Amino acid sequence: MTKPDTAKTPHAPQSLAGTTLDPADWNTTRAQGHRMLDDMFDFLENLRERPTWQPMTKSVRDHFKEPLPQLAQSLESVYEEFTKFILPYSSGNVHPGFMGWVQGGGTSTGMLAEMLAAGLNANLGGRDHAPIAVENQITQWMRQLFGFPAEASGLFVTGASMANLIAVLVARTEILGKITRKTGAGAEGAKLRAYASVAAHSCVTRAMDIAGLGSDALRLIPIDSSHCMDMSALQAAITADKKAGLEPFLVVGTAGTVDVGAIDDLKSIGALCRKEGTWFHVDGAFGALAAFSPELAPRLTGIEGADSIALDFHKWGQVPYDAGFVLVRDGVKHREAFATPAAYLRRETRGLAAGEFWPCDYGPDLSRGFRALKTWFTLKTYGTEHLGRMITGTCTLAQYLEKKILAEPKLELMAPVQLNIVCFRYRCDDSDKVNTEIVADIQESGIAAPSTTTINGKRAIRAALFNHRTQTCEVDALFDAVLSFGKKRDKT
Ligand SMILES: *Cc1c(COP(=O)(O)O)cnc(C)c1O
């Protein structure tokens with residue numbers, strides 16, 4: 001690396017002995033760091049040799065009861081503990097056998113970018129530096145991907161739960177006016193009503209609660225046979241609420257429900273929102289990135305008309321946790337919901353305190369990490385073409401499993417396979433109990449990690465195929481395991 005000579009200081013470093021946290025010997029740290037990096041590459045390369053998940057033993061659990069460490073330990077010995085007590089007992093979402101819940105698998109690229117980001121230790125609350133430019137570039141890419149205008153604003157957040165909350169707060173401030181941030185939502189706020197389908201993620205309900213509007217102010221609209229929001233029921237609910245003197249202000253459409261991967265009719269929801277004068281938000285936590293896949297993108301038609309979109313790069317996008325994102329069509333409205341003047345955050349026209357876009361004006365966080373970097377590396381090193389192919393591939397794999405289930409009389413498909421989630425069950429008496437046990441049996445066996453969900457009141461085994469590493473061999477292993485554990489459980 002060449003060093004810019006303008007940055008040279010005339011003073012030699014003279015730290016008080018022992019106060020800095022930098023290593024006394026960089027070479028030892030360097031060698032240890034290289035070992036750790038190599039080990040993680042080995043870990044990722046050989047995941048299939050490990051169980052998907054294994055429960056922590058008592059001694060592992062007890063290991064985390066040590067008191068606050070007072071004295072220094074070597075990096076080497078702490079790393080040794082990591083390899084013994086942490087690495088083997090993580091949840092396994094990196095493993096190709098992981099099919100439980102909606103989680104991404106991460107990548108080696110993302111891992112390396114995380115290391116670089118940690119090395120830079122950038123704080124993306126604001127100011128004038130390249131990391132902010134990287135985050136802004138991702139916003140620009142998301143504008144392009146979803147057909148949003150140049151005034152649209154974007155912000156990295158922990159996950160879609162936070163992104164959905166931000167959308168609710170922006171919609172609330174837009175309808176009640178900026179003054180509501182000072183006065184509280186009050187009597188006007190009590191009249192606000194929002195709408196989402198019963199299949200919407202529970203964090204939407206929680207967002208209403210946290211926003212001070214109350215979870216009761218969210219109407220849960222029934223779904224049709226393909227698990228999409230019933231449009232006539234939505235219209236009826238809005239009409240009835242208006243008649244009752246209430247104020248419908250927000251409709252949340254889901255692009256990819258967690259249970260079965262259904263995509264609401266975003267085009268119709270958008271049209272209805274325009275007619276009724278309500279904010280149109282899309283919870284695209286996992287489904288929005290279907291936009292990378294030429295085969296799947298048409299399913300998202302209508303998303304380009306949304307007022308805001310929540311999405312997660314850490315799910316289908318495979319960016320390491322955490323990397324949620326919110327995109328808001330009108331950046332001014334977004335800013336009005338969060339910006340606050342503070343003397344120590346004074347903006348200047350030049351120097352480091354300059355910068356046009358200060359992310360702290362667009363969400364609740366002031367200090368923020370460099371989530372954008374791992375996303376930037378991921379998008380650049382794979383390109384949307386490869387990412388799109390991987391996303392389509394997870395859906396193809398789901399269809400492969402669906403076919404096997406339909407051909408097996410002992411199994412029952414519980415919902416139409418729309419994207420990459422397959423819900424099914426083992427047919428037997430007391431099937432809720434047996435299927436719950438089958439899932440735990442498979443998880444404990446280490447063969448795979450599916451999860452359970454409830455479809456139409458019945459317990460189902462859910463295989464959510466998000467991990468880019470999962471292949472037909474893992475799906476076959478899951479299938480065989482369900483049949484063999486099912487047979488065992490059914491007899492007892
Ligand atoms: C995962 C998910 C969420 C929650 O997102 P987090 O990133 O876990 O906060 C919300 N909605 C849907 C549809 C999801 O799949």
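## A tour of pockets, cores and cysteines

By class, 9 nonpolar, 3 polar and 1 charged residues line the largest pocket, where Ala, Val, Leu, Ile, Met, Phe, Trp, Tyr, Cys and Pro count as nonpolar, Asp, Glu, Lys and Arg as charged, and the others, Gly among them, as polar. You are looking at a predicted model, in which local features need pLDDT of at least 70 and side-chain atom pairs count only at pLDDT 80 or more, while totals for chains, interfaces and linings use all residues. Residues are numbered from 1 along each chain as its sequence is written, and side-chain values use heavy atoms, with hydrogens and water left out.

**Stop 1: the largest pocket.** Select G33, H34, M36, L37 and M115, which lie nearest the centre of the largest pocket. A pocket here is an open set of points on a 1 Å grid over the protein atoms alone, where a 1.4 Å probe fits, with protein on both sides within 12 Å along at least five of seven lines; lining residues have an atom within 4 Å of a point. The volume of the largest pocket is about 520 Å³. Now colour α1 (26-45), α3 (75-86) and α4 (108-120), the elements that give two or more residues to this lining. The largest share, 6 residues, comes from α1.

**Stop 2: the nonpolar cores.** Move on to F146, I309, L311, F313 and W316, the residues with the most contacts inside the largest nonpolar core, which has 65 residues. Such a core is a set of buried Ala, Val, Leu, Ile, Met, Phe, Trp, Tyr and Cys residues joined through side-chain atoms within 4.5 Å. Helix α13 (residues 371-406) supplies the largest share of this core, 7 residues. For a second, separate core of 33 residues, select L165, M208, L213 and A337, which are among its members.

**Stop 3: the cysteines.** How many disulfides does a search of the whole structure find? The search finds 0, a disulfide being a pair of cysteine sulfur atoms within 2.5 Å. Select C228 and C423: the sulfur of C423 is the nearest cysteine sulfur to C228, 14 Å away. C228 counts as buried because its relative accessibility is 10%, and buried means under 20% relative accessible area (1.4 Å probe, protein chains only). Finish at C360, which also counts as buried, at 9% relative accessibility.

Technical notes
Buried < 20%, exposed > 50% of the residue type's maximum accessible area, 1.4 Å probe, protein only. Helix = DSSP H or I, 4+ residues; strand = E, 2+ residues; numbered from the N terminus. Points joined across faces, edges and corners; volume = space filled by probe spheres on them.
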